Amino acid sequence: MRFSSLFAALALAVAAPLAQAADAEQAIRKTLNTLQPDLKVESVNASPLKGLHQVQLEGGRVLYMSEDGQYLMQGYLYQMRDGQMVNLTEQAESVAVARQLNALPRNEMVIFAPKNPKTHITVFTDTDCGYCQLLHKEVAELNRQGVEVRYLAYPRAGVGSPTYETLVSVWCAKNPQEAMNQAKARKKVPAATCENPVAKQFELGQSIGVQGTPAIFLANGQLIPGYQP
């Protein structure tokens, strides 16, 4: 009997936090659904700060909410580590973005790859963007240093714009790498059409916070906004 009683007590002790976590997630999801029914929530988990739950949205953005779903906070959560302030929100968002970008099919990207890549960058690009053209001049050197460059399309003027049509022609070319070289050198790319991911990649960029080009994401999901030599 004593063992049975002990087992029952342990089961209750374990079940209580699980029930509380489930209740908190339910309350948070209910509040968010009331605020914005089409908001896509990927996960709800306890945050490093007691009393707050971390809400991971589709696209990588992070929100924080109280366990009862009554309080919502949008912003950065920092932690002091070894005398340095660490941005926990940015870290969580980077992990989510990296997961999405690294899951993209390689055949939907225009890739410039070295023989033995050490790492990669994913670049949302617009062929008419001057800084994108400047970055493209450095692709050979990036490859030489072992960095694979993965291009995604981001026509800043939107779907249906002249740049969008150029990007479609690049993605649909028999040799997309050569077509990209031509476009970045301000040369006319022969018109081509096919089933392509340009519009989908533009939408993806918007969902993960791309606001301009080039938008360079490191392999860990960290964003480098704009051109960097």
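## Charges, overall form and cysteines of a predicted model

The 21 positive and 20 negative charges of the protein have mean positions that lie 6 Å apart. The coordinates behind this value and those that follow belong to a predicted model.

Turning to the fold as a whole, the protein contains seven helices and 11 strands. Its radius of gyration is 23 Å, well over the 17 Å that the globule rule gives for 229 residues, and the protein is therefore more spread out than a compact globule. Taken along the principal axes, the box filled by the C-alpha atoms of the protein is roughly 80 × 40 × 35 Å. Of the 229 residues, 41% count as buried, and the protein exposes about 13800 Å², of which carbon and sulfur atoms supply 54%. Among the contacts in the protein with a separation of 6 or more, 61% are accounted for by residues 24 or more positions apart.

Alanine 22 has its place in helix H1, which covers residues 2–35, and with a relative accessible area of 43% alanine 22 is partly exposed. Between the C-alpha atoms of alanine 22 and valine 44, which are 22 residues apart along the chain, the separation is 9.5 Å.

How many disulfides does a search of the whole structure find? The search finds one, formed by cysteine 172 and cysteine 194, whose sulfur atoms are 2.0 Å apart. Cysteine 172 belongs to helix H5 (residues 162–172), whereas cysteine 194 sits in the loop between helix H6 (176–184) and helix H7 (198–207), so the pair ties together parts that are 22 residues apart in sequence. Because the torsion about the S-S bond of cysteine 172 and cysteine 194 is about -85°, this disulfide is left-handed.

| Residue | Relative accessible area | Class |
|---|---|---|
| Cysteine 129 | 3% | buried |
| Cysteine 132 | 1% | buried |
| Cysteine 172 | 15% | buried |
| Cysteine 194 | 37% | partly exposed |

Buried means under 20% relative accessible area. Cysteine 172, at 15%, therefore counts as buried, while its disulfide partner, cysteine 194, is partly exposed at 37%. Cysteine 129, with a relative accessible area of 3%, is buried, and cysteine 132, with 1%, is buried too.

Notes. Residues numbered from 1 in each chain as written. Predicted model: local features only at pLDDT ≥ 70, side-chain atom pairs only at ≥ 80, totals over all residues. Heavy atoms only, no water. Helix = DSSP H or I, 4+ residues; strand = E, 2+ residues; numbered from the N terminus. Rg over C-alpha atoms; globule rule 2.2 N^0.38 Å. Buried < 20%, exposed > 50% of the residue type's maximum accessible area, 1.4 Å probe, protein only. Contact = heavy atoms within 4.5 Å. Areas by Shrake-Rupley, 256 points an atom, 1.4 Å probe, with all protein chains shown as cover. Lys, Arg positive; Asp, Glu negative; His and termini not counted. Charge placed at Lys NZ, Arg CZ, Asp CG, Glu CD. Disulfide = S-S within 2.5 Å.
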